[in-house]
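Open the model in your viewer and keep the sequence panel in view. The stops below are meant to be selected in order.

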Amino acid sequence: MFKVELFVLWLLGRPRYFKRSIVLLLDCFLCMTSVYFSYFLRLEKWVELDQLVLFVFVSSLMVFLAVFHVFGLYRAIFRYNDKNSSKATLQALCIYGISFAIVFGGIGFDGIPRSLGFLQPIILGCMVLLSRYFIGYTFHFLLKTNIKTNEKKKNVIIYGAGKY
């Protein structure tokens with residue numbers, strides 16, 4: 001087996017709280033990265049981490065985690081990766097984007113560009129969707145096609161399972 005496959009098997013064997021913690025840390029990292037990158041796109045230079053950037057980061061993180069928790073997106077992280085979970089993720093991202101845009105784009109704060117309220121949710125949404133898709137596809141691909149088991153599968157015919 002490849003080392004990645006061994007890591008996936010090890011990760012899937014961990015308790016649920018451990019996997020949730022990893023996803024929460026990934027989301028925190030994506031939130032911080034999206035705030036920083038949206039500052040870069042708006043100001044066309046890398047900014048230093050000062051109080052305003054940290055304020056935007058903490059605000060973004062609080063709203064993001066609250067919305068995702070309300071939508072229940074941390075309940076079944078590795079269990080489901082289908083249209084319904086993607087739909088719920090999109091709905092949560094829309095609610096987050098609207099609320100963030102209202103606070104930072106509409107109301108605004110001194111020293112924080114208003115366009116940040118519109119750029120950051122778009123960047124964060126793309127990052128979250130891509131990360132969820134990539135991780136889900138990777139786990140699905142590795143578990144369904146590459147990881148070989150030593151079990152021999154038997155073909156079985158069920159006879160007489162009809163109405164009569």
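**Before selecting anything**

This is a predicted model, in which local features need pLDDT of at least 70 and side-chain atom pairs count only at pLDDT 80 or more, while totals for chains, interfaces and linings use all residues. Residues are numbered from 1 along each chain as its sequence is written, and side-chain values use heavy atoms, with hydrogens and water left out.

**Stop 1: the whole chain**

Show the protein chain as a cartoon. Its secondary structure comes to 5 helices and 0 strands, in the order α-α-α-α-α along the sequence. Helices (H or I, at least four residues) and strands (E, at least two) are DSSP runs, numbered from the N terminus.

Now colour by accessibility. Buried means under 20% relative accessible area, exposed means over 50%, and partly exposed lies in between, with a 1.4 Å probe and protein chains only. Of the 164 residues, 31% count as buried. The chain exposes about 11800 Å², and carbon and sulfur atoms supply 66% of that area. Areas come from the Shrake-Rupley method with a 1.4 Å probe; for residues, only the protein chains shown count as cover.

A contact here means heavy atoms within 4.5 Å. Among contacts with a separation of 6 or more, 70% are between residues 24 or more positions apart.

**Stop 2: the nonpolar core**

Select Y39, V56, F64, F68, L124 and V128. These have the most contacts inside the largest nonpolar core, which has 25 residues. A nonpolar core is a set of buried Ala, Val, Leu, Ile, Met, Phe, Trp, Tyr and Cys residues joined through side-chain atoms within 4.5 Å. Two or more residues come from each of α2 (16-43), α3 (51-70), α4 (83-107) and α5 (116-146). The largest share, 7 residues, is from α3. In soluble globular proteins, nonpolar side chains tend to be buried together.

**Stop 3: helix α3**

An α-helix has 3.6 residues a turn, so residues three or four places apart point the same way.

Pick V56. Apart from residues up to four places away in sequence, V56 touches V35, Y39, F100, F104, I112 and L116. After α3 comes G72, with a positive phi near 70°.

**Stop 4**

L124 lies in α5 and counts as buried because its relative accessibility is 0%. Beyond its neighbours within four places, L124 is in contact with L30, C31, S34, F64 and Y96.

What does the side chain of Q120 make a polar contact with? The partner is the side chain of Y96, at 2.6 Å. A polar contact is a pair of N or O atoms within 3.5 Å; within protein, one must be able to donate a hydrogen and the other to accept it, and residues adjacent in sequence count only if both atoms are side-chain atoms. Leaving out residues up to four places away, Q120 touches C31, S34, V35, S38, S60, Y96 and F100.

**Stop 5: T89 on α4**

T89 sits in α4 and is buried, with a relative accessible area of 9%. Beyond four places in sequence, T89 touches F68, L73, V128 and L129.

**Stop 6: E44**

Go to the loop between α2 and α3 and select E44. Its phi is near 60°, a positive value in a residue other than glycine. Most residues other than glycine have a negative phi. E44 counts as exposed, at 67% relative accessibility.

**Stop 7: the cysteines**

How many disulfides does a search of the whole structure find? The count is 0, where a disulfide is a pair of cysteine sulfur atoms within 2.5 Å. For C28, the nearest cysteine sulfur is that of C31, 7.2 Å away. C28 is partly exposed at 22% relative accessibility, and C94 is partly exposed at 46%.
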